[in-house]
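The sequence and the model are shown first.

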Amino acid sequence: MNEMKSYEFTPQRVCARKITFDLDEEKRIHHLKFQGGCPGNLSAIGKLLEGRSAQEAADILRGNECAGKGTSCADQLSKALEKALSE
């Protein structure tokens, strides 16, 4: 059976207040949810990343900027994924 581990991350300097997701034994993303932020865009990110490698997603999203903030919800997700992968 494929076990999942749940993660919760508090992003910084973005509209989203919380990011939650699960990683399976193969480090693939499941049940990605953002609390706050732009609902349509962030829901789409969750759908696009379902079942994708966490490392691949982090590599793709790292450095994405929003409104001159130096980060974005996607960039913050890359940080959350990298933190989860390092545990």
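How many salt bridges does the count come to? In this predicted model, the count comes to seven salt bridges.

| Salt bridge | N to O distance |
|---|---|
| Glu87 and Lys5 | 3.9 Å |
| Lys18 and Glu8 | 3.8 Å |
| Arg62 and Asp59 | 2.9 Å |

The salt bridge between Glu87 and Lys5 links distant parts of the chain: Glu87 lies in the segment after helix H3 (73-86) and Lys5 in strand E1, 82 residues apart. Glu87 is exposed, at 56% relative accessibility, whereas Lys5 is partly exposed at 45%.

Lys18 and Glu8 also form a salt bridge. Because Lys18 belongs to strand E2 and Glu8 to strand E1, this pair ties together parts that are 10 residues apart in sequence. Lys18 counts as partly exposed, with 24% relative accessibility, and Glu8 counts as exposed, with 58%.

The bridge between Arg62 and Asp59 belongs to a network of salt bridges in which Asp59, Arg62 and Glu82 are linked. Arg62 is partly exposed at 42% relative accessibility, and Asp59 is partly exposed with a relative accessible area of 41%.

Backbone geometry is the second topic. Most residues other than glycine have a negative phi. Arg13, however, is not a glycine and has a positive phi of about 65°. Arg13 is placed in the loop between strand E1 (4-9) and strand E2 (16-24), and is exposed, with a relative accessible area of 57%. His31 likewise has a positive phi, near 55°. His31 sits in strand E3 (residues 29-36) and is partly exposed, its relative accessible area being 47%.

Methods. Residues numbered from 1 in each chain as written. Predicted model: local features only at pLDDT ≥ 70, side-chain atom pairs only at ≥ 80, totals over all residues. Heavy atoms only, no water. Helix = DSSP H or I, 4+ residues; strand = E, 2+ residues; numbered from the N terminus. Buried < 20%, exposed > 50% of the residue type's maximum accessible area, 1.4 Å probe, protein only. Salt bridge = Lys/Arg side-chain N within 4 Å of Asp/Glu carboxyl O.
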